[in-house]
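Visitor: Hi, could you walk me through this one?
Guide: Happy to. Let's get it on the screen.

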Amino acid sequence: MTRAGAGTAALYNGAMSTASGPAEQYRAVRDAAGVIDRSSVGKAEVEGRDRASFLQGMLSNDVKALTSGQGCAAAFLDAHGKVMALLRVYALTDRLPLELPPGLTQKTLLLLDKYLISEKAAFEAMDEAYAV
């Protein structure tokens, strides 16, 4: 594979390609395969029996409606409606993985943890554990 653009690698027709322009990059990923480097995306997990109900009250989307294997975009808002972070929530049977803005994993988790009172939920930064 070779670089096909900012953050994108592509294999074109089974051979190495130097797809430099947008049209070539599109053709490369359309005709063969493409991979996007999203390693800078923040990653975290929420565990505990109240994980979905806690995030339901903190995020703008219907987290409790997600079934295992599903995900959704959501906004984390403060009490005044200011957007603190835009993120993606995924549902697995035992945890809720989160994709957070690059470089904001710790800050976002600290803000969420501030609102955690009696709910049984735990946050863990996973930036170094997974590649996306």
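Visitor: How many bridges join strand 4 to strand 8?
Guide: Four bridges join them, and the two strands run antiparallel. This is a predicted model, where local features need pLDDT of at least 70, side-chain atom pairs count only at pLDDT 80 or more, and totals for chains, interfaces and linings use all residues. Residues are numbered from 1 along each chain as its sequence is written, and side-chain values use heavy atoms, with hydrogens and water left out.

Visitor: What counts as a strand, and as a pair?
Guide: Strands (E, at least two residues) and helices (H or I, at least four) are DSSP runs, numbered from the N terminus. Two strands pair if DSSP finds at least two bridges between them.

Visitor: Which residue is the partner of Glu45 in strand 8?
Guide: Glu124 is its bridge partner there. In strand 7, Glu45 has Pro97 as bridge partner, and Val46 has Leu96. Strand 4 and strand 7 are antiparallel too, with five bridges.

Visitor: What's the strand order in the whole sheet?
Guide: The sheet is open, with five strands in the order 5-6-7-4-8 and antiparallel pairing. Strand 5 and strand 8 (122–125) are at the edges with a single partner strand each, so one side of each has no neighbour in the sheet.

Visitor: Which strands does helix 2 touch?
Guide: Helix 2 packs on the sheet and touches strand 4, strand 5, strand 7 and strand 8. Its direction makes about 35° with that of strand 7. For such angles, axes are lines fitted to C-alpha atoms, for helices over the stretch in contact (heavy atoms within 4.5 Å), and the values run from 0 to 180 degrees between N-to-C directions.

Visitor: New topic: how many residues are in the largest nonpolar core?
Guide: It has 23 residues, and Leu55, Leu59, Leu87, Val89 and Leu98 have the most contacts inside it. A nonpolar core here is a set of buried Ala, Val, Leu, Ile, Met, Phe, Trp, Tyr and Cys residues joined through side-chain atoms within 4.5 Å.

Visitor: And what is Val89 in contact with?
Guide: Leaving aside neighbours within four places in sequence, its contacts include Leu59, Leu66 and Leu98.

Visitor: Where is Leu66?
Guide: Leu66 is in the loop between helix 2 and strand 5. This residue is buried, at 17% relative accessible area.

Technical notes
Buried means under 20% relative accessible area, exposed over 50%, partly exposed in between (1.4 Å probe, protein chains only).
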